[in-house]
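Here is a short briefing for a first look at a protein model. Please keep the sequence and the 3D view open as you read.

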Amino acid sequence: MDGTFGFENDFDQEYDDQIGSNSISSLRDGTLFLVDCSSSMFVRAEVEDKTLFEKCMKAIQNMYQQKIYGSDKDFLGIVFFGTEQNNTSEDFPHIYTLQELDQPSAERIKEIEQFSTNFDFKNFRQEYGNSNEYALNKVFWWCSNMFSLITQKLDTRRIMLFTRKDHPHENDKTLEKLAKNKSKDLYDVGIILEVVPVVLEGEKFDFSKFYADALMLSEEEIKLLPDPAENFEELEKTVRSKDHKRRPYTHLNLEFDNNLSISCSVKRMF
């Protein structure tokens, strides 16, 4: 066996050509931004001019803009839950699909701006309303169904949930159990559920109350979670970190001899 480990000397050029022409162009992710619209999200700190809801929508808007320049083939969508109105079906109350899963565009960003930059709470209450009567298991089911309608292959399917509540369905153990079970169903079908806590200064977000079980997090994993975002900069940093891709650019086979070969993936880690 020579020092090339089964590769030809012009491997570098072949590798660059493969990454540049084949692999990157075919990669496509899908992300659903799931935003809590219950009344607790429409408060603001005394020193700030935006509510928690507006901050979330601004972070989502920025993510759309980044995708246009960096990953415009990705699919993005926005779902409100905890609304009085719904545009789904009678079986899924308090859920409102603001944007179906589709590629980002200037028109879609402009629609988000009415919630992030030119927000009118009175108009929001009239058009969407607020409610605490939602069932989180149905919210998760609806998001899963939205992914199932996409015909293109998605390398990653992700739900990014923005909420202030660390213990949804605290007073209804049946709904709590159903929500936990459904979150685990998401995992079983390959959908990643990410929780983005948004709080006022000084508030805590206790994952151990509900989401540790829903996300199947160990005690050690809980300790490694970042503190919940108290300001917009922290929120945006959290969103970017959860969207950070570690998907393969390409696959390589390393042949050491006739009896030993190893398959590996080359991934972007930045």
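The notes below cover a pair of helices and then a pocket. The model is a predicted one. Helices α2 and α3 pack with their axes 8 Å apart. The largest pocket holds about 300 Å³ of space.

**How α2 and α3 pack**

- Helix α2 spans residues 52-70, and helix α3 spans residues 106-116.
- The angle between α2 and α3 is about 165 degrees.
- Angles over 145 degrees count as roughly antiparallel, so α2 and α3 are roughly antiparallel to each other.
- The crossing of α2 and α3 is left-handed.

**Residues at the helix contact**

- From α2, the contact is made by Phe53, Glu54, Met57, Lys58, Ile60, Gln61, Tyr64, Gln65 and Ile68.
- From α3, the contact is made by Ala106, Arg108, Ile109, Ile112, Glu113, Phe115 and Ser116.
- By class, the contact of α2 with α3 has 9 nonpolar, 3 polar and 4 charged residues.

**The largest pocket**

- The space in the largest pocket comes to about 300 Å³.
- The largest pocket is lined by 15 residues.
- Closest to the centre of the largest pocket are Ile192, Leu193, Glu194, Leu215 and Leu217.
- Two elements, α6 (173-188) and β5 (191-197), each give two or more residues to the lining.
- β5 gives the largest share of the lining, 5 residues.
- By class, the lining has 11 nonpolar, 1 polar and 3 charged residues.

Technical notes. Residues are numbered from 1 along each chain as its sequence is written. This is a predicted model: local features need pLDDT of at least 70, side-chain atom pairs count only at pLDDT 80 or more; totals for chains, interfaces and linings use all residues. Side-chain values use heavy atoms; hydrogens and water are left out. Axes are lines fitted to C-alpha atoms, for helices over the stretch in contact, and angles run from 0 to 180 degrees between N-to-C directions. Helices (H or I, at least four residues) and strands (E, at least two) are DSSP runs, numbered from the N terminus. Angles under 35 degrees count as roughly parallel, over 145 as roughly antiparallel, 65 to 115 as roughly perpendicular and the rest as oblique. A crossing is left-handed if the near helix is turned anticlockwise from the far one by less than a right angle, and right-handed if clockwise. Contact means heavy atoms within 4.5 Å. Ala, Val, Leu, Ile, Met, Phe, Trp, Tyr, Cys and Pro count as nonpolar, Asp, Glu, Lys and Arg as charged, and the others, Gly among them, as polar. On a 1 Å grid over the protein atoms alone, a cavity is a set of points where a 1.4 Å probe fits but cannot get out, and a pocket is an open set with protein on both sides within 12 Å along at least five of seven lines; lining residues have an atom within 4 Å of a point. Grid points are joined across faces, edges and corners, and a volume is the space filled by probe spheres set on the points.
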